[in-house]
Structure formats: C-alpha cells, structure tokens
Amino acid sequence: MDHTTHEPAKHTHGAASWGTAVKATLHCLTGCAIGEILGMVIGTALGWGNLPTMVLAIGLAFLFGYSFTLFAVLRAGLGLGAAIKAALAADTVMEFVDNAIIALTPGAMDAHLTDTLFWPALLGGFAVAFVITTPVNKWMIGRGRGHAVVHAHH
C-alpha cells in the first residue's frame, strides 16, 4: 500500500529505488538480528558448542525473520501460501550471508559473550549482510519478486 494515499502499491518491473531496497533489507535484518543474537546469547551462556549454538541461532533468526514478514503480509490480506513464499524469498539471502561471515571470521565461532571478538563479529556479519543483500533486494524488487511482494502488501 502507498501509505500516503492508501491505494494499492504499483510495482513496475525494471527500476527500483535504493531507498526501497534499503527499507526492505532493514526489514529482513531486524528479524534475523533478533533471532540470531538471541540464539548466540542463549547458546553461549549455556556453554553449548559451536554446532548447537549455530543451529539455535539460525533457527531463531529464521523464526523471527519469517514471522516478521509473515505477520506483515498476512495482516495486509495476503494468503498463507503466498505469504510463506514472500517470507522465504525476502529473508533467506540475509541469513545465509550473515552466517557465512560469522563462520569465516577466524575465532568468531569460539568466542564467548565476554570475548572482545564476539560482538564485533556478530554485528560485522550483519553489516556485511546488509551491504551484500541491499543490491539483491533492489534487483528483486525491480522485478516484482521477493520483498517487492512484502512491500506491495504493507
């Protein structure tokens, strides 16, 4: 929806603004960040190893990221099947990039909550994921895909 006129949003295939891409990416990042941080904090605080902590963090990141997207599009009237497809397309790239950065940062997987490396690695992964995912979202939105579906139903 266009929030100023309350008319259905019109998406043209081709060009998408960087502002729209940034907004879409921040939407994805919010849910992923909440779940990922919560999972890393829980796993680290409980003294879990790398694998169970990462599984928990990824699971919670997907849960929160997809839930945020699903809630928005279901509330706007999109059917459940289409809402699930929109959430999968909108949030998966962000989570993949973020986890790849954390996994590839030397020592990040073994860092604990109080270690100097823990927070910069986690937040750095989000920053890199944002930079990489924003052009992907711009491309997808310009073609009426992924987060474009979400924004058409906000």
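User: Hi! Is Phe118 buried or exposed?
Analyst: Hello! In this predicted model, Phe118 is buried, with a relative accessible area of 4%.

User: And what about Trp119?
Analyst: Trp119 is partly exposed, at a relative accessible area of 32%.

User: How many aromatic pairs are there?
Analyst: The count comes to 2. Phe62 and Tyr66 form a tilted pair, 5.1 Å centre to centre with 35° between the planes.

User: Where do Phe62 and Tyr66 lie?
Analyst: Both are in helix 2, residues 50-75, and they are 4 residues apart, about one turn of the helix.

User: Nice. Is Tyr66 buried or exposed?
Analyst: Tyr66 is buried because its relative accessible area of 18% is under the 20% cut-off. Phe62, at 24%, is partly exposed.

User: Back to Phe118 and Trp119: why is that pair edge-to-face?
Analyst: Their planes are at 80°, and over 60 degrees counts as edge-to-face. The ring centres are 4.8 Å apart.

User: New topic: which ring does the charged end of Lys138 sit over?
Analyst: The ring of Trp18, with the charged end of Lys138 5.1 Å from the ring's centre.

User: Great. Where does Val128 lie?
Analyst: Val128 is in helix 4, which covers residues 118-142. With 32% relative accessibility, Val128 counts as partly exposed.

User: What is Val128 in contact with, leaving aside neighbours within four places in sequence?
Analyst: With those left aside, Val128 is in contact with Val97 and Ile101.

User: And how are Val128 and Asp98 placed, what separates their C-alpha atoms?
Analyst: Those C-alpha atoms are separated by 7.1 Å, while Val128 and Asp98 are 30 residues apart along the chain.

Note on methods:
Residues numbered from 1 in each chain as written. Predicted model: local features only at pLDDT ≥ 70, side-chain atom pairs only at ≥ 80, totals over all residues. Heavy atoms only, no water. Phe/Tyr/Trp six-rings, centres within 6.5 Å; stacked < 30°, edge-to-face > 60°. Helix = DSSP H or I, 4+ residues; strand = E, 2+ residues; numbered from the N terminus. Buried < 20%, exposed > 50% of the residue type's maximum accessible area, 1.4 Å probe, protein only. Lys NZ or Arg CZ within 6 Å of the ring centre and 35° of its normal. Contact = heavy atoms within 4.5 Å.
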